[in-house]
Amino acid sequence: MAIRRGLTSTLAYVILVFLGLFFLVPLLWPVLASLNPSASLSVTVPAHFSLINFQTIITNGLVAGPFGNSLILAISTMLLVIILAGLAAYPLSRYQFPLKGPLMYAILFTSSLPILALVTPLYAMYASLNLIDTLQGVILFFVASALPFCIWLMKNFFDSVPFELEEAAWIDGASTFQSLMYILFPLAAPGIAVVGVWSFLVAWTNFFVPLIILQSQNLLPASVHIYTFFGSYGQVNYGQLAAYALLYALPAVVLYTVVSRFFVRGVSGGLKG
Amino acid sequence: MQVETKRVQPVQMVTPANGHIRRKRLRIGIYFMAPAFLIIAVFMLGPAVWAVYISFTNMSLTGVGAATPQWVGLQNFVQILHDAEFFSAFRVSLTYLVGSALIGQALLGLLLAMLMRHRQRAFKAVLGAIIIIAWVIPDVVAGFLWSSFLAGGPQSILAPGLLNSIVAAFGLPQHAWLQDYPMASIIVANTWRGTAFSMLLYASALEGIPPELLEAASIDGASLWARIRYITLPLIKGSIATDLLLITLATLSDFTLVYVLTGGGNLNTELLTIYQYRQAFQFYQIGYGSAISLLILVVGAILALLYIRVLRVDL
């Protein structure tokens, strides 16, 4: 029995190592190429490691503008989603009112629609609203597409904070606003962080929407800029491309890591209702 | 206004005396929810309604349809029925969905979650991190990673990517993978990209299974396969249904990874979203492109309804 268990365990490790390699191997190129002044598409250990690629793309202005635009998109989306989802989730979590059940179902339904595929009609609608080639147009669509899922998440996080705590504060003379500020928000902070990171990443990583809606070169976020800049040049500087890709991916990885503990619980708990 | 019958809130007692509190709360509730729902209505449902409208017109970016779009009735939808490239894109999307999401991500995610259950913490942490990085990096970056990984080939002037270096090291023939095996390439790339989500979902579902159940079955002589088949899978079938529907819905709106990887023009890997984009922004047929995106939305809506049915959440 013990031997069999040992065998199964070893076999599991062997399979896992192979699967791990499958996931690891495509990640090697950008790391090594970004540190290699004469990088190609091949994965080679650089003759000498250097940060020159990072230095070049930062000093020749490839990074500041597009990353600034991405930050504007992501931070505006995040703030708007936190505020709007927080406000909307509060009554959904705390009060009973008619049609609340159907409303929650409607939110869940819209949160799972493939809404990001709707860029063609969005373009036509924005042409009528004069929102083509504006950052606010892109932000508003990101906010709208992230809101249903974030309201759902936020409500679940609010539900886990006992209502009695707020009631106790009211009995002690706190106003609704004070009980929100001092009781609910601090206790639901992990949830707010998850919603914030989720909505930040929606905006930071999206490529399709800004590709269609934005036209001015100086408004392009990093996602579209990296594609048009490195995709349209005949002679690609692969080291710089790799460095750019790493810099662009870094905030996503860091932010996810910060909230990962709550993220999985919140998202999977949220998904299972 | 208020329905008294379904009220099962243990915290507050509802008596006529605090009716004004309820009304006040209802008012606060409406004020709190209004901004969010207004934004959703305009900027999310707006494009959907717009899609319905312009898919019945010949709106385009140039020519006659640009200045004054004409009402053309069902013409766009009739055109879809006679459009071989649409059906080709439909087949591509379906193959991609089944191959990369339903088979690739879901099966691999389940396998990983099961195998990782009783492994050492440090090992799990490192492996989990690698898989999750593939999932959190932006789509465009994933596209560039895979085009470098699959680069090269016998006739290519570019340096061989890592995959070709590896097969060469084993003495196997090199390939221009994206040209020779386009569908397999995008399926593997998207499996790589999306497996983490399924893995995380299944890992949290497996945590809910009491270990005594599996131990008891093991003592009774149940084989590993029997334990999986008769204990584990039935207990997590809700999570499996959730996962399959969610990754299906996510894959339906996929565009970027395949577009960056293939440049979008290859018929063998032209997803419906890419076809829609090309019709609208390369051939300037906004009306026709919208009709296609409307079909994607309708399929998504049906699946989303199914998802809610399966979920059967208590609200």
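Figure 1. In chain A, residues 24 or more positions apart make up 77% of the contacts with a separation of 6 or more; two residues are in contact if their C-beta atoms, placed from the backbone, lie within 7 Å. The model is predicted: local features need pLDDT of at least 70 and side-chain atom pairs count only at pLDDT 80 or more, while totals for chains, interfaces and linings use all residues. Residues are numbered from 1 along each chain as its sequence is written, and chains are lettered from A and ligands numbered from 1 in the order in which they are written. Among the 273 residues of chain A, 47% are buried (20 or more other C-beta atoms within 10 Å of the residue's own; 12 or fewer is exposed, and in between is partly exposed).

**Figure 2. The helices of chain A.** Chain A contains 12 helices and zero strands. Helices (H or I, at least four residues) and strands (E, at least two) are DSSP runs, numbered from the N terminus. Chain A has a radius of gyration of 23 Å, well over the 19 Å that the globule rule gives for 273 residues, so chain A is more spread out than a compact globule. This radius is taken over C-alpha atoms, and the rule is 2.2 Å times the number of residues to the power 0.38. Along the principal axes, the C-alpha atoms of chain A fill a box of roughly 70 × 70 × 35 Å.

**Figure 3. The two domains of chain A.** Chain A is divided into domain 1 (2–50) and domain 2 (63–272), with bounds from an automatic or database domain assignment. Taken over C-alpha atoms, the centres of these domains of chain A are separated by 32 Å. Nine residues of domain 1 of chain A are in contact with six residues of domain 2 of chain A.

**Figure 4. Where chains A and B touch.** The contact takes 75 residues from chain A and 86 residues from chain B. On the side of chain B that touches chain A, helix H1 (residues 19–54) of chain B gives the most, with 19 residues.

**Figure 5. The largest nonpolar core.** This core has 167 residues, and those touching the most other members include A:Val81, A:Leu147 and B:Ala36. A nonpolar core is a set of buried Ala, Val, Leu, Ile, Met, Phe, Trp, Tyr and Cys residues joined through C-beta atoms within 7 Å. Helix H6 (residues 135–159) of chain A gives the most to this core, with 17 residues. Both domain 1 (2–50) and domain 2 (63–272) of chain A give residues to the core, so it lies between them.
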